[in-house]
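Here is a short briefing on helix packing and nonpolar cores. Look over the sequence and the structure first.

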Amino acid sequence: MDLGNKLEGTRATIETEIESFFSSAPPLNNSLDFSEQVDKFIRRNSVASGNGGPSRVVCVTSGGTTVPLEQRCVRYIDNFSSGHRGAASTEYFLKAGYAVIFLYRRGTCQPYCSSLPDDPLLECFELTDEPNIQVRQEHSEAVKRAISENHAAVVEGLLLKLPFTTIFEYLQMLRMIAIPMSNLGPNAIFYLAAAVSDFYVPWQSMAEHKIQSASGPLNMQLAQVPKMLSVLRRDWAPMAFCISFKLETDSKILLEKAGVALKKYKMNMVVANELSSRKEEVVIVTSDGQIPVRRNKAAGVDDVENPLIQLIVERHSAHIESSNL
């Protein structure tokens, strides 16, 4: 078999696995309403921006996906992710003039809420004369900022927040976002910061009810989640600027694996983060080389997402310019 036929065979296998995943997944709740929200948001932001240039739209994915172990789910396998990077990056994309579709895991960090206490509803408010409630003095500025900036972004039609929980929801929603975003051509970005499960239990082989512990030790075979990055890049939104993330606990293999992902899935960038230092430094891997990006508190840079998004905006501008030549 020659190389061309082998590549075609591999592509056909991947496409079969992807279609099998989607066809056997439980249907997305309120899929029609979801699709209408996405289409309306993209249409609204596909017209010229206030500075006269074409509008830019970014899909930021954030938080981790769960893998249900039962159809009527009681137990699940989770993926580690607080969603901080996606939430903070969303703020910086909005400041840079982008419209943002924020596809996030329920219960994870939200844009504009990083300065709030961990349990905002309990910590931010206090009772005065019953039944009146007011914001605690020490939290008033942070709460006002979070509410006003979030409200402004939503009302102006620049922020659409869409929650997911399971791997089945996430991948269906990503596809339903990506296909209409392809109409934006190179003005679209996919910033894929979500921690996506590598393995899952196929729906049709999953127990319907709670697995009983009285049955003894649990033996369960997990299937591999089909890699959607290649089909996103090739079929769903081929002209978009695509950024994926690679997280490892072993720094010795991190950059090598990020480089493999860059080539294998034809990403424009891969953000390499090592678990213990991910809040201080990341490395951007591109076809031109590696670019370290660091937080610099001494220079007034409070988080690594600020310089990271600045660099991405610059590279995205160059991508748009080269696509229009």
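Two residues are in contact when they have heavy atoms within 4.5 Å of each other. The model is predicted.

**Helix pair H3 and H9**
- Helix H3 spans residues 84-95, helix H9 spans residues 305-323, and their axes lie 9 Å apart.
- The packing angle is about 55 degrees. Angles from 65 to 115 degrees would count as roughly perpendicular and those under 35 as roughly parallel, so H3 and H9 are oblique to each other.
- The crossing of the H3 and H9 helices is right-handed.
- From H3, the contact uses His84, Arg85, Ala88, Ser89, Tyr92 and Phe93; from H9, it uses Glu305, Asn306, Ile309 and Ile312.
- Five of the residues in this contact are nonpolar, three are polar and two are charged.

**Nonpolar cores**
- The largest nonpolar core has 55 residues. Leu162, Ile177, Met181 and Phe190 touch the most other members.
- Helix H6, residues 167-181, gives the most to this core: nine residues.
- Another core, of 35 residues, lies apart from the largest one. Among its members are Val60, Phe93, Tyr112 and Tyr191.
- In soluble globular proteins, nonpolar side chains tend to be buried together.

**Ser317**
- Ser317 lies in helix H9.
- Ser317 has a relative accessible area of 26%, so this residue is partly exposed.
- Arg56 is 261 residues from Ser317 along the chain, yet their C-alpha atoms are separated by 9.9 Å.

How values were computed:
Residues numbered from 1 in each chain as written. Predicted model: local features only at pLDDT ≥ 70, side-chain atom pairs only at ≥ 80, totals over all residues. Heavy atoms only, no water. Axes fitted to C-alpha atoms, helices over the stretch in contact; angles between N-to-C directions. Helix = DSSP H or I, 4+ residues; strand = E, 2+ residues; numbered from the N terminus. Parallel < 35°, antiparallel > 145°, perpendicular 65-115°, else oblique. Left-handed = near helix turned anticlockwise from the far one by under 90°. Nonpolar A, V, L, I, M, F, W, Y, C, P; charged D, E, K, R; others polar. Core = buried A, V, L, I, M, F, W, Y, C linked by side-chain atoms within 4.5 Å. Buried < 20%, exposed > 50% of the residue type's maximum accessible area, 1.4 Å probe, protein only.
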